[in-house]
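Q: I would like to learn how to read a few features of a structure. Can we take them one at a time?

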Amino acid sequence: MDGFLDETCEGVTELRVHGVSGTPPEGMLNHPHPRIVAGDGTTGFYRRWSVDGRPHGEHVDVPGTRHREAYAWGGLTSGGRTIALWLLLLPFSLANLSYFMLPRPPRGRWLRHVTEAAQRLFALLLTGTLVGAVTRASVDLVGWQCTAAGRACTYDTAPVWVHWLGALWGNEPSKRLAVTALVPLAVVVLLWWIARRTWERDERTVLPPGTTADEGAGDGVLLAQPRLWHGGAPVWRLRVVHVCFAIASIGLAVSAPFAGTRVGFVLTVANAGVQVAAALLVLLPWIARRVDPGSDERIPGWLTFACQALRVVAPLVCLATIGAALAGMSPSAVGRQLPGVGVGAFQFALTVGLGLFMLVTMCVLARMDRASGESRAMGGIAAWFVLMVAAGSANVLALGVLFWTATFFGVPGTSASPEPLDRQLFLDDPVWWTAALVPLLAAGFAALAVILYAIRGAVAGRLTPELTRHYGERYDDEVAAKWALASLTDRAGLVLAVLTGIGVAGFAAVTVIYQFRLFTPEGGLAGLLATLGSWAMTAVIVGLVLLGRRTYSDSGLRRTIGIVWDISTFWPRAIHPLSPPCYTERVIPELIARVDRLAGNSRDQVVLSGHSQGSVITAALVLQLKPELRARVGMLTHGSPLRRLYAAFFPAYFGTAALSAVRDAVPWYNLYRLSDPIGGPVFGRVDPLAQSSGHPNGVDLFCWDPIQPGPGEPLPEARWHSDYWLDPPYDEALARLIVKRPAV
């Protein structure tokens with residue numbers, strides 16, 4: 001084709017890595033004609049295609065001398081259509097985040113291992129919560145209640161695809177349960193397929209040859225360990241355990257109503273046994289352990305055998321249960337709702353107990369960790385708050401499924417609802433009480449918004465007088481408002497703490513009311529709140545379905561929603577294998593291989609330019625490079641959340657020790673603006689109002705935004721978090737990095 005594409009690797013390469021939302025290559029390269037030079041359509045390295053032929057002189061791309069290259073990885077989080085299904089996996093992703101927020105004091109190793117085991121068990125129960133909701137909706141509301149003789153789904157107005165169950169087996173509940181159990185089984189198979197497919201695509205990427213555990217920059221820096229991005233085996237083990245636990249929960253729902261019969265009892269015990277085995281396996285420290293490539297450390301062989309055995313036994317027991325139910329069994333108890341054997345109540349009590357236990361252990365770990373003197377988000381127990389948010393979001397989704405199902409097929413009812421049954425589909429009182437919390441959370445959101453608005457006003461009021469001499473009285477208020485709005489990100493811990501506190505306090509009150517049967521969630525204020533909450537959660541499920549449907553066909557919307565996963569899926573699947581995949585397990589090895597190619601000898605140099613989340617990726621990358629490569633690498637970050645968010649919420653991985661190791665490994669400059677709600681300084685805020693030039697910590701460089709207007713000129717538009725490479729300090733910092741590593 002006409003034109004010229006530079007594919008040489010010699011000289012200086014500015015390698016740009018984008019942040020959230022998947023900035024396209026043409027945006028990163030400031031060029032309308034990017035062409036891929038390595039990689040594929042999902043992740044790729046791009047360069048400018050010159051229409052006018054071979055560039056020369058001061059052009060940014062001169063073959064054999066200098067190159068501008070862009071690495072686009074956004075296809076991992078916003079390129080595939082299956083991202084529409086990821087919306088339902090947010091609780092799993094939050095559970096994963098909580099693991100990496102856990103304090104890791106040197107003296108608390110044993111206590112941390114116990115807490116990690118509790119986190120893994122809690123994550124397993126989250127799987128049970130969401131799969132259990134689908135099971136309850138299908139097996140209980142439809143299979144047991146709606147399709148029973150004389151109930152809602154036997155009317156002529158019922159959908160034909162459920163009406164036949166009541167018409168054919170209205171008085172044979174076991175056969176109805178067997179058929180409706182296929183729905184949650186299909187959900188589990190879908191979760192397994194997505195997790196396995198993404199693992200094959202992303203997490204099986206191997207590290208380049210020669211990468212060993214002792215090549216990290218600095219002893220004890222967790223971010224430097226190759227094992228962090230080498231998780232295929234532990235993810236497989238955890239996936240087996242979670243899928244088998246979920247399958248057994250479905251089998252248990254089908255067999256429990258018939259536990260009074262010999263066959264039903266045996267099947268109930270077998271399904272419960274599979275769940276107990278899964279729970280015991282997930283507690284073992286080796287189940288999720290990652291091993292450094294090339295190390296002599298080995299995982300016990302019997303553990304792999306146990307996972308293989310569980311993978312065979314669980315489906316066989318579930319199939320035997322469904323087969324026996326199809327053959328016909330008589331229920332040992334008859335009632336409005338699906339009878340059980342107390343497993344649900346036990347799992348609820350276990351979840352509450354684990355939550356309290358982890359609150360205590362994390363507080364102890366955080367207290368031990370305070371000796372480091374570093375600032376910790378939420379007092380060092382952010383992991384617990386995020387885990388509670390994961391549980392809350394899982395319950396909102398679960399209850400939304402139940403209320404939507406009951407509304408679609410009939411009328412949701414409480415335990416106090418009078419006869420006749422008619423079109424009523426009954427939900428447990430705890431379900432209604434939990435629904436009553438939703439309006440309280442909404443009120444908490446509103447109150448918090450008012451508080452944040454007041455904080456923004458107060459901050460703007462303090463900034464305005466100081467900004468007058470820089471922007472003049474005409475624009476000082478406007479700039480102060482922008483900077484104050486961006487500063488609200490520093491209150492993220494406050495937002496999380498308040499909302500979690502409201503949810504936990506409300507949950508405790510609901511539990512006490514239900515356990516002591518103080519009153520029912522019907523009539524009065526309690527009934528009104530429960531009804532409003534049921535409508536809200538039904539709307540959440542409907543909204544997610546519509547959003548997912550649109551996301552499936554709209555690439556632009558996929559890119560927008562991908563922002564959520566750009567942040568949460570940076571971390572590997574450490575405790576929940578069914579969460580959205582970790583893109584870094586593919587990105588880091590690819591970047592290592594590319595840097596090795598671009599800096600192949602001492603005459604070459606690579607400047608890693610990371611924006612936003614890209615700065616987090618590049619910081620992790622430089623600690624994985626071999627020492628001889630780090631000597632040829634510089635780093636330029638901009639809009640970086642490394643200190644503002646990552647060091648605060650993930651101090652064990654991005655604390656001062658890790659960031660100092662990065663600074664010692666490569667020359668580094670970091671650009672930041674006070675209008676940026678995401679990025680900030682890395683080694684301490686430089687006050688631009690007192691000292692507008694210089695970089696006293698050697699890394700951080702302040703950028704004015706909006707740019708100060710000239711006399712009589714209008715205020716330029718603020719760039720907020722984007723386009724740092726258009727600021728003059730960007731070119732200055734880039735030139736300094738290149739000068740520090742001249743070609744020889």
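Q: Which residues form a nonpolar patch on the surface?
A: This is a predicted model. In it, Val160, Trp161, Trp404, Phe408, Val542 and Leu546 make up a nonpolar surface patch. Together these residues have about 630 Å² of accessible area.

Q: Which helices each supply at least two residues of the nonpolar patch?
A: Helix 6 (160-169), helix 13 (382-409) and helix 16 (524-553) do. Val160, for instance, lies in helix 6.

Q: How are two packed helices described?
A: The description uses the angle between their axes and the distance between the axes. Take helix 5 (residues 109-146) and helix 10 (residues 262-283): their axes come within 8 Å and cross at roughly 145 degrees. The crossing of helix 5 with helix 10 is right-handed. On the helix 5 side, Ala117, Arg120, Leu121 and Leu124 make the contact, and on the helix 10 side Ala278, Ala279, Val282 and Leu283. Sorted by class, this contact of helix 5 with helix 10 has seven nonpolar residues, no polar and one charged.

Q: What are the crossing angle and handedness for helix 18 and helix 19?
A: The axes of helix 18 (residues 584-598) and helix 19 (residues 613-622) cross at roughly 65 degrees and come within 10 Å. Helix 18 passes helix 19 in a right-handed crossing.

Q: Which residues of helix 18 and helix 19 meet?
A: Val587, Ile588, Leu591, Ile592 and Val595 of helix 18 meet Ile617, Ala620 and Leu621 of helix 19. By class, the contact of helix 18 with helix 19 has eight nonpolar residues, with no polar and no charged ones.

Q: Where in the chain are Asp40 and Arg586?
A: Asp40 is in the loop between strand 3 (34-39) and strand 4 (44-50), while Arg586 is in helix 18. The pair links distant parts of the chain, 546 residues apart.

Note on methods
Residues are numbered from 1 along each chain as its sequence is written. This is a predicted model: local features need pLDDT of at least 70, side-chain atom pairs count only at pLDDT 80 or more; totals for chains, interfaces and linings use all residues. Side-chain values use heavy atoms; hydrogens and water are left out. Axes are lines fitted to C-alpha atoms, for helices over the stretch in contact, and angles run from 0 to 180 degrees between N-to-C directions. Helices (H or I, at least four residues) and strands (E, at least two) are DSSP runs, numbered from the N terminus. A crossing is left-handed if the near helix is turned anticlockwise from the far one by less than a right angle, and right-handed if clockwise. Contact means heavy atoms within 4.5 Å. Ala, Val, Leu, Ile, Met, Phe, Trp, Tyr, Cys and Pro count as nonpolar, Asp, Glu, Lys and Arg as charged, and the others, Gly among them, as polar. Patches are made of residues with over 30% relative accessible area and no salt bridge: like charges are joined within 9 Å, nonpolar side chains (Val, Leu, Ile, Met, Phe, Trp, Tyr) within 5 Å. Accessible areas come from the Shrake-Rupley method with a 1.4 Å probe; for residues, only the protein chains shown count as cover. A salt bridge is a side-chain nitrogen of Lys or Arg within 4 Å of a carboxyl oxygen of Asp or Glu.
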